[in-house]
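Subject: Structure handover

Hello,

I am passing this structure on to you.

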Amino acid sequence: MTEHDNPRRHVCGYRDRYADLPVAEFTGEGDPGKLPEAGSVAWRLSAEPYDAQEGAFAALFARFMEQVDTSAVRAIVVGGWENPYEVGSEVAIRPLADAAARFPALRAVFVGALQSEQCEISWIQQSDVTPLLEAYPRLERLEVRGGTGLEFNPVRHDALRTLRFESGGLPADVVRAVGQCDLPALEELDLWLGVENYGGNCSAADLDAIMSGERFPALRHLGLRDSEIQDEIAAAVASAPVIARLETLSLSMGTLTDLGAEALLSGQPLTHLHELDLHHHFLTEPMIKRIQDALPGVQVDLSEPEDPEDDWRYVAVDE
Amino acid sequence: MANTRFAVVGVPGGRRVDLFRAAAARAGLPDPNVISWRDVLAGDAPIPPGSAVRVDSPGEDAEVDALLRGPGDPARAGGGAAWYAAFRGGLRNLAEAVEASPGSALLGDVDEIAVMFDKRLCHERLRAAGVPVPPALQGPVGSYRELRELMTRDGWPRVFVKPAHGSSASGVIAFQALGARVKAVTSAALPDGWGTGTDGPGEAGRGRRGGAGGASLYNSLRVRTYESETDVAAVVGALAPDGLHVERWFPKASMDGRAFDLRVVVVAGAPTHVVVRVGRTPMTNLHLGGVRGDLGRVRERLGTAGWQGALDVCVRAADCFPGSLAIGVDLMIGTDWRSTAVAEVNAFGDLLPGLTGLPGGPGEGLDTYATQIAAVSGGWRQGMQSRDIRGEGELSCVT
């Protein structure tokens with residue numbers, strides 16, 4: 001009955017589980033003696049997004065460091081900070097980065113785990129999230145929700161295994177910076193590219209470095225999705241060097257039509273994949289059948305079909 | 001109340017009236033006298049002596065709507081102030097007719113109904129009684145500019161703008177703004193040729209920008225999104241003259257990624273019928289694409305104490321209207337699954353065909369109408385404190 005932490009789908013709550021740990025909300029209220037063991041949960045820290053005062057997240061984080069054995073904390077889910085509509089996520093990222101010495105066991109961070117009722121994805125004011133990777137060289141998982149105001153700079157990081165950006169519009173600068181990173185341990189890269197109307201201005205060419213895969217030798221899962229240029233991305237994927245070493249590929253949530261699927265099928269073999277996620281698509285029945293016939297050993301997700309005849313095609317998440 | 005015969009004020013032949021008549025028939029009671037709203041509004045609706053008078057909605061009838069709002073397209077939005085004035089006149093006529101009828105009594109106090117159809121008064125009554133409600137903008141909101149100024153003053157980036165006298169989410173705008181960036185989600189639609197808004201999924205074509213001048217809105221069964229200030233200002237401007245009530249956005253809990261609220265019908269002080277309304281949009285109303293959700297999952301997630309606490313809020317909301325046999329409370333659960341807030345209290349909120357009541361309660365095995373008939377047969381009278389018939393045992397489980 002819970003909202004499962006399932007990043008392959010777009011219905012994510014991050015409320016119950018994160019990084020294979022149950023999520024525990026730290027409110028700063030109540031008896032500190034009754035808090036769970038620091039390393040047994042993913043800690044969710046969130047200032048009430050509507051009436052929190054300036055500095056509310058920093059104050060909450062300070063209480064967290066007083067009451068919890070930070071040396072054992074493995075995962076942190078940052079929900080909201082004070083007024084995430086107007087105030088950038090630096091008010092959460094800076095204290096977290098500055099306190100890195102207190103968190104030697106921290107391996108997973110999510111920034112902006114807000115449901116759309118709290119703040120719609122493209123209204124979340126993000127900021128430069130690179131300081132988290134610079135401050136935490138042993139971080140294995142970084143996930144960010146919201147593309148507005150988001151910045152990212154090329155880094156080398158030897159431990160990062162999962163990098164995910166959920167957005168309704170991912171800036172091209174961020175996409176290019178990801179491609180310029182050296183991430184030798186990266187196994188999963190997932191980008192929700194979104195739509196131009198919400199700042200998702202990347203072209204297929206901006207994905208070139210990612211498609212080459214040169215800087216991500218360990219990559220096994222790639223998601224390039226929720227895009228309004230999903231067909232172009234599918235065409236680029238068809239000849240992308242990185243595909244040969246993937247186990248799972250997701251081109252879901254976007255405006256994939258027969259055009260993109262045709263390019264995908266006529267490109268390099270995809271039969272080595274374990275999973276191909278195409279859910280939320282605009283494919284015709286004959287094309288769906290062709291894909292299934294061409295990839296007999298691959299688990300292909302073709303759920304959530306949209307109307308291929310519809311003139312107005314939309315991605316799964318923008319707002 | 002053996003000699004009581006029910007009467008129902010409504011739209012003859014309408015489904016609400018027919019559902020109530022069917023419930024009376026199943027209870028073995030004589031067919032209720034049906035009193036037409038049209039006659040009530042004309043001041044020509046005598047009440048037979050000895051009637052227990054149920055008051056139901058005047059909606060879903062074009063002729064009655066024209067009497068209330070004045071002539072015009074029934075699908076048009078707005079006109080709420082005129083509607084309310086005429087509706088109150090009808091309620092007064094009704095009260096007088098019942099007064100003049102020996103042995104007759106109302107099952108819905110007309111002054112309470114009037115409060116429930118003014119969202120500003122209703123909000124204030126609930127707030128004063130300590131029932132959790134979202135905070136409301138203070139001060140009249142006469143225009144889009146005033147709305148933005150007050151939102152900035154209070155630091156609220158996201159609000160619900162509600163016509164003071166609307167019902168069924170008519171004209172409600174889920175609005176958020178940051179500088180020039182705005183987004184309004186509403187079932188109020190600008191006419192073709194005006195809007196630049198985008199229709200919902202599956203709708204081909206976007207509206208075109210039209211000529212200058214005021215826009216007349218109409219109610220749509222499709223929720224639209226407007227992202228241009230010009231459009232939003234036109235929508236707000238068209239609704240503002242009839243009165244607006246603006247509440248801060250209360251972030252609702254979600255199930256499977258979709259927000260929901262609860263419609264809780266409280267009959268004679270006891271919460272009897274509950275549906276989960278799950279929305280694809282900020283509006284969860286079933287006629288706007290909302291669907292019924294899984295109450296069992298909601299209860300499980302809330303836990304026993306959380307569930308009882310939620311029901312208790314609804315009972316306390318109903319206690320603000322002791323002269324009303326049944327009300328429908330729209331209860332929001334917060335994203336933390338602990339906080340709650342009442343979004344609306346509906347005088348005619350019992351239209352939940354085929355839904356039987358909560359097991360173990362007075363509505364078990366009965367629909368909302370049969371539950372009310374049973375409460376009256378069991379002795380419910382206007383103004384009675386709900387606990388008189390609810391019993392101490394049920395109160396004790398509420399904290």
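The notes below start with confidence, then turn to chain B and end with a pair of helices in chain A.

Confidence

This is a predicted model. Chain A has a mean pLDDT of 93, and 95% of its residues reach 70 or more. Residues 1-12 of chain A are an exception to note, with a pLDDT below 50. In the model this stretch still has 26 contacts beyond near neighbours in sequence. Where pLDDT is low, the predicted coordinates should not be read in detail.

Chain B overall

Chain B holds 12 helices and 15 strands. It has 399 residues, of which 50% count as buried. Taking the contacts in chain B between residues at least 6 apart in sequence, 67% join residues at least 24 apart.

The open sheet in chain B

An open sheet of four strands in chain B runs in the order β2-β1-β3-β4, with parallel pairing. At its edges are β2 (33-36) and β4 (105-106) of chain B, each of which pairs on one side only. Further in, β1 (residues 5-10) and β3 (residues 51-55) of chain B are joined in the parallel sense by five bridges. On β3(B), B:R54 is the residue that stands opposite B:V8.

Helix α1 and B:R21

B:R21 lies in helix α1 of chain B, which spans residues 15-26. Apart from neighbours within four places in sequence, B:R21 is in contact with B:D31 and B:P32. From B:R21 to B:G269 there are 248 residues in sequence and 23 Å in space, C-alpha to C-alpha.

Helix α10

Helix α10 of chain B (residues 368-377) is mostly covered, with eight of its 10 residues buried. Those buried residues are B:T368, B:Y369, B:A370, B:T371, B:Q372, B:I373, B:A375 and B:V376. What covers them? The elements include α1 and β3 of chain B, along with β11 (258-267), β12 (270-278) and β14 (326-333) of chain B. After α10(B) comes B:G379, which has a positive phi near 110 degrees.

Two helix pairs

Two packed helices are described by the angle between their axes and the distance between the axes.

In chain B, helix α3 (residues 62-69) packs on helix α4 (residues 80-99) at an angle of about 100 degrees, and their axes are 7 Å apart. An angle of 65 to 115 degrees counts as roughly perpendicular, so α3(B) and α4(B) are roughly perpendicular to each other. From α3(B), the contact is made by B:L67, B:L68 and B:R69, and from α4(B) by B:A82, B:W83, B:A86 and B:F87. By class, the residues of this contact are six nonpolar, no polar and one charged.

In chain A, helix α6 (residues 230-237) and helix α7 (residues 258-266) pack at about 5 degrees, with 8 Å between their axes. Angles under 35 degrees count as roughly parallel, so α6(A) and α7(A) are roughly parallel to each other. On the α6(A) side the contact involves A:Q230, A:D231, A:A234, A:A235 and A:V237, and on the α7(A) side A:L259, A:G260, A:A261, A:A263 and A:L264. Seven of the residues in the contact of α6(A) with α7(A) are nonpolar, two are polar and one is charged.

Regards

Key. Residues numbered from 1 in each chain as written. Chains lettered and ligands numbered in written order. Predicted model: local features only at pLDDT ≥ 70, side-chain atom pairs only at ≥ 80, totals over all residues. pLDDT = per-residue confidence, 0-100. Contact = placed C-beta atoms within 7 Å. Pairing = 2+ DSSP bridges. Helix = DSSP H or I, 4+ residues; strand = E, 2+ residues; numbered from the N terminus. Buried ≥ 20, exposed ≤ 12 C-beta atoms within 10 Å, placed from the backbone. Axes fitted to C-alpha atoms, helices over the stretch in contact; angles between N-to-C directions. Parallel < 35°, antiparallel > 145°, perpendicular 65-115°, else oblique. Nonpolar A, V, L, I, M, F, W, Y, C, P; charged D, E, K, R; others polar.
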